[in-house]
Amino acid sequence: MNVTPEYHSPLLQNTIQCLSEASIELQISKKRVKNINFRLKPHKLMVSVPSFISSAQVAQAIAKRVPWAIENHPQVLEQYKRQQFPSKESSTADSTLLLWGIKQPFTLNHDKKIAYYRQHLSEAMPALFAKWQPIVGATANEIRLKKMHTRWGSCNTRARRIWLSVYLPAYPIECTEYVIVHELCHLHHANHSRAFWQTVATAMPDYQHWRDMLAAKGGQLD
């Protein structure tokens, strides 16, 4: 347990106990954020809180998240297990190769598949960002690709730097477009507030369909 004394309260102690029974450790840290942010990892619920929010508000917010954390923790563990101990089927050269959601008539081993995806995503990015930046009304200073297993994209709002997962080309190109829109909207709202989601919906009205498709694959967005 990594909780500073200022957050100790009967409500939080009960929350810690409930999480502990599900083999989840609670970690609370103060950061320069506007809202309370939650991140569920194997055996760990990490909570980032802004300095201006009271300990009572923090305790209440975490208590509300306990059912969500306990319900989703088995999926997080399973996903982590698959990443650490990939099945023989997924590591063989005859695994299915998809490009923009379409099955390809050839196969590649894992390393060549990553290179293949990286190439196609690199080629597609200029046109996709040229399309969506004017629609969102925000421009990234830098765009990078990364081999991310648990995230589809992330955004450094200060540097205006956007990262995309190299695995995105396996799914319909609209999924990549949604990730781009999502991260560009963070340049307007550095959180997942109602205003943020309204900005996403305004730019891409059908975003929920593509968001759900990616969510079913276990990845997240930052």
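The model is a predicted one, and residues are counted from 1 along the chain.

Salt bridges come first. A search of the whole structure turns up three of them. One brings together the side chains of Glu-177 and Lys-131, at 2.7 Å from N to O. This pair ties together distant parts of the chain: Glu-177 sits in helix H5 (residues 173–185) and Lys-131 in helix H4 (residues 110–136), 46 residues apart. The two partners fall into separate accessibility classes. Glu-177 has a relative accessibility of 8% and so counts as buried, the cut-off for that label being under 20%. Lys-131, with a relative accessible area of 42%, is partly exposed.

The other bridges involve Glu-142. The side chain of Glu-142 meets that of Arg-144 at 2.4 Å, N to O. Glu-142 also forms a salt bridge with Arg-161, here at 2.9 Å from N to O. The Arg-161 pair again links distant parts of the chain, with Arg-161 in strand E8 (residues 161–165) and Glu-142 in strand E6 (residues 142–146), 19 residues apart. Through shared partners, Glu-142, Arg-144 and Arg-161 end up in one network of salt bridges. As for accessibility, Glu-142 is partly exposed because its relative accessible area is 26%, and Arg-144, at 32%, is partly exposed as well.

What about disulfides? In general, a disulfide is a covalent bond between the sulfur atoms of two cysteines. In this model the count is simple: a search of the whole structure finds zero disulfides. Among the cysteines, Cys-18 has 29% relative accessibility and therefore counts as partly exposed. Cys-185, by contrast, is at 0% and counts as buried.

Cys-185 turns up again in the packing of two helices. Two packed helices are described by the angle between their axes and the distance between the axes. For H5 and helix H6 (residues 194–203), the angle is about 135° and the axes lie 9 Å apart. That angle makes H5 and H6 oblique to each other, because only angles over 145 degrees count as roughly antiparallel. The crossing of H5 and H6 is right-handed. On the H5 side, the contact is made by Tyr-178, Val-181, His-182 and Cys-185. H6 contributes Phe-196, Trp-197, Thr-199, Val-200 and Ala-203. Helix H5 thus has a part in two of the features described here: Glu-177 of H5 pairs with Lys-131 of H4, and Cys-185 is among the H5 residues touching H6.

Conventions:
Predicted model: local features only at pLDDT ≥ 70, side-chain atom pairs only at ≥ 80, totals over all residues. Heavy atoms only, no water. Disulfide = S-S within 2.5 Å. Buried < 20%, exposed > 50% of the residue type's maximum accessible area, 1.4 Å probe, protein only. Salt bridge = Lys/Arg side-chain N within 4 Å of Asp/Glu carboxyl O. Helix = DSSP H or I, 4+ residues; strand = E, 2+ residues; numbered from the N terminus. Axes fitted to C-alpha atoms, helices over the stretch in contact; angles between N-to-C directions. Parallel < 35°, antiparallel > 145°, perpendicular 65-115°, else oblique. Left-handed = near helix turned anticlockwise from the far one by under 90°. Contact = heavy atoms within 4.5 Å.
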